Amino acid sequence: MSLPKPTSSTAALVTGASAGIGSEIARLLAQRGHTLVLVARRKDRLTALADELSEEYGVRVETIAADLGKPTPRGKIPGRIEELGLQIEILINNAGFATGGEPFHEAEPDRELEQVRVDVEAVVALTSAFLPGMVKRGRGAILNVASTAGMQPIPYSAGYAAAKAYVLSFSEAIHQEVRGHGVTVTALAPGPVETDFWQIAGWETSSGKSFERAVPGTLISPAQAASAAVEGLDRGERVVVPGLPIRAAMLASRYIPHMLKLPALERFMRPGGNPENLD
Ligand SMILES: NC(=O)c1ccc[n+]([C@@H]2O[C@H](COP(=O)([O-])OP(=O)(O)OC[C@H]3O[C@@H](n4cnc5c(N)ncnc54)[C@H](OP(=O)(O)O)[C@@H]3O)[C@@H](O)[C@H]2O)c1
């Protein structure tokens, strides 16, 4: 099954399109001629990208500035799409951020809850808003951006790993439910991608290096992540893990029991630790 063909009344909604992986996915969908609805908080960035993509690819690009962690602005998105006279046939649930870099008992409670709202609640809300119409029309595709972080618990990033585990499990189950309805659901599970995400996350590992620099050979560009995502969507894949090194590492890691993996991860992720002094 391939992505629905672009038409004048249908659109792809991309959350977190103001930066990183989301901007690159928006660019690839514009190249293919899809009308876009770009969502994030930073209106100026959305407008700049909308102008650029509509000029370069001749497509219609709408923007909605909304904080997806807040139910009221988020809840207005379906109504706004209707006012624009559009139907969402491609939904990219990409917006997200990570807490971490400290033990959960020292984490800021409000920020942990905000992470659940943006990374999990918004994905569920937007899927609930647009999947029923896709199934009814027998056409549509959803991409939920999870992470390899969701493939095992991660000490010092407990909330983020759990949020992405939710997204992964949710997406895989619905992928199976809607098979045969003309709709595909794909989870993108990247390892480290070179975006602003890491400044926001601030995960310093025990080596003193930021996480994305501490695992050699796995860092990819946002353009690489986006192109794997759109190719995976086109093939209607269940899970896409971009990049061979991280794919191989995650496959091997499945066979290591938690009783061995968790202590090793705890030592690796322990913030600011000196590896010489670790137990
Ligand atoms: N970078 C990585 O290594 C990596 C690896 C695996 C998975 N991921 C996942 O990939 C997705 C994209 O991350 P990225 O790497 O591209 O990071 P990024 O460059 O920091 O982009 C994050 C995007 O999410 C949006 N966003 C954050 N909070 C939001 C909110 N409350 N409401 C609306 N939009 C919000 C941001 O827009 P505004 O700030 O303008 O609102 C921005 O467009 C995330 O779900 C992340 O968890 C990233």
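The confidence of the predictor in each residue is expressed as pLDDT, on a scale from 0 to 100. The structure is a predicted model, in which local features need a pLDDT of at least 70 and side-chain atom pairs count only at pLDDT 80 or more, while totals for chains, interfaces and linings use all residues. Residues are numbered from 1 along each chain as its sequence is written. The protein chain has an average pLDDT of 95, and 97% of the residues score at least 70. Over residues 274-279, pLDDT stays under 50. For this segment the model has six contacts beyond four places in sequence, two residues being in contact if their C-beta atoms, placed from the backbone, lie within 7 Å. Where pLDDT is low, the predicted coordinates should not be read in detail.

Helices are described as DSSP runs (H or I, at least four residues), numbered from the N terminus. Their axes are lines fitted to C-alpha atoms over the stretch in contact, with angles running from 0 to 180 degrees between N-to-C directions. Helix H1 (residues 20-31) and helix H9 (residues 222-234) have axes that come within 8 Å and cross at roughly 50°. H1 is therefore oblique to H9; angles under 35 degrees count as roughly parallel, over 145 as roughly antiparallel, 65 to 115 as roughly perpendicular and the rest as oblique. The crossing of H1 past H9 is right-handed, the near helix being turned clockwise from the far one by less than a right angle. On the H1 side, the contact includes Gly-20, Ile-21 and Leu-28, which belong to a group meeting H9 residues, among them Pro-222, Ala-226 and Val-230. By class, this contact of H1 with H9 comprises 10 nonpolar, two polar and one charged residues (Ala, Val, Leu, Ile, Met, Phe, Trp, Tyr, Cys and Pro count as nonpolar, Asp, Glu, Lys and Arg as charged, and the others, Gly among them, as polar).

The axes of H1 and helix H2 (residues 43-57) come within 10 Å and cross at roughly 25°, which means that H1 is roughly parallel to H2. This crossing is also right-handed. Ser-23, Ala-26, Arg-27, Ala-30 and Gln-31 of H1 meet Leu-49, Leu-53 and Tyr-57 of H2. The contact of H1 with H2 contains five nonpolar, two polar and one charged residues.

The ligand is surrounded by 30 residues, of which Gly-16, Gly-20, Arg-41, Arg-42 and Gly-96 are the closest; a residue is counted if its C-beta atom, placed from the backbone, lies within 6 Å of the molecule. H1 and helix H7 (197-201) are the elements that give two or more residues to this shell. H1 gives the most, with three residues. The shell around the ligand has 15 nonpolar, nine polar and six charged residues.
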